[in-house]
Amino acid sequence: MNRIGRMKEVGIEVLLDDFGSGLSPLAYLTDFPFSMVKLDGNITQGVEKDTGKFNFVKSIVDIAHVRGMKTVAEYVETQDQMDKLIEAECIVTGK
């Protein structure tokens, strides 16, 4: 078992930070047993206006949930954006 898996076994939650910025392949969601995935503001901005962005975010959230991970969206700045992210079943935070 890998190091992250052992950490989870003893109750340590592991977070994949800045998912969506730089090189963050979706393979990380299947290769590592993270507890949470934090979606970078680059991909959460505009989800309330852009159906394609919303569907992209929702797909990531769905994959993470199937793998037993929570998802957190950062840089939520408007109520409309928050509502769409909650609709996608994502935890939201401020700046």
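This is a predicted model: local features need pLDDT of at least 70, side-chain atom pairs count only at pLDDT 80 or more; totals for chains, interfaces and linings use all residues.
Aspartate 62 is partly exposed, with 35% relative accessible area.

The side chain of aspartate 62 meets that of lysine 58 in a salt bridge, with N and O 2.8 Å apart. Both residues sit in helix α4, 4 residues apart, which means that about one helical turn separates them. An α-helix has 3.6 residues a turn, so residues three or four places apart point the same way.

Lysine 58 has a relative accessible area of 19% and is buried, because the limit for buried is under 20%. Lysine 58 also forms a salt bridge with glutamate 89, where the closest N and O atoms are 3.7 Å apart. Glutamate 89 belongs to the loop between α5 and β4, whereas lysine 58 belongs to helix α4, so this pair ties together parts that are 31 residues apart in sequence. Glutamate 89 is partly exposed at 49% relative accessibility. Its backbone has a positive phi of about 65 degrees, although glutamate 89 is not a glycine.

**Other salt bridges**

The whole structure holds 5 salt bridges. One of them joins the side chains of lysine 84 and glutamate 87, at 3.3 Å from N to O. Lysine 84 and glutamate 87 are 3 residues apart in helix α5, about one turn of the helix. Salt bridges with shared partners also link Asp17, Lys38 and Glu74 into one network. In general, side chains of opposite charge can pair when their charged atoms come close.

The table gives three of the pairs.

| Pair | N to O distance |
|---|---|
| Lysine 58 and aspartate 62 | 2.8 Å |
| Lysine 84 and glutamate 87 | 3.3 Å |
| Glutamate 89 and lysine 58 | 3.7 Å |

Lysine 84 is partly exposed, with a relative accessible area of 24%. Glutamate 87 is partly exposed too, at 45%.

**Helix α4**

With 16 residues at 1.5 Å a residue, α4 should span 22 Å, and its end C-alpha atoms are 22 Å apart, which agrees. At the start of the helix, a side-chain oxygen of aspartate 50 comes to within 2.8 Å of the backbone nitrogen of glycine 52. Just after the helix, glycine 68 has a positive phi of about 85 degrees.

**The nonpolar core**

The largest nonpolar core has 20 residues, and those touching the most other members are Phe34, Val37, Leu39, Val57, Met69, Leu85 and Cys90. Two elements, β2 (36-39) and α4 (51-66), each give two or more residues to this core. Helix α4 supplies the largest share, 5 residues. In soluble globular proteins, nonpolar side chains tend to be buried together.

**Tyrosine 75**

Tyrosine 75 lies in the loop between β3 (70-73) and α5 (79-87). Its phi is positive, about 60 degrees, although tyrosine 75 is not a glycine. The relative accessible area of tyrosine 75 is 36%, so the residue counts as partly exposed.

Key: Residues are numbered from 1 along each chain as its sequence is written. Side-chain values use heavy atoms; hydrogens and water are left out. A nonpolar core is a set of buried Ala, Val, Leu, Ile, Met, Phe, Trp, Tyr and Cys residues joined through side-chain atoms within 4.5 Å. Buried means under 20% relative accessible area, exposed over 50%, partly exposed in between (1.4 Å probe, protein chains only). The expected span of a helix is 1.5 Å times one less than its number of residues. A polar contact is a pair of N or O atoms within 3.5 Å; within protein, one must be able to donate a hydrogen and the other to accept it, and residues adjacent in sequence count only if both atoms are side-chain atoms. A salt bridge is a side-chain nitrogen of Lys or Arg within 4 Å of a carboxyl oxygen of Asp or Glu.
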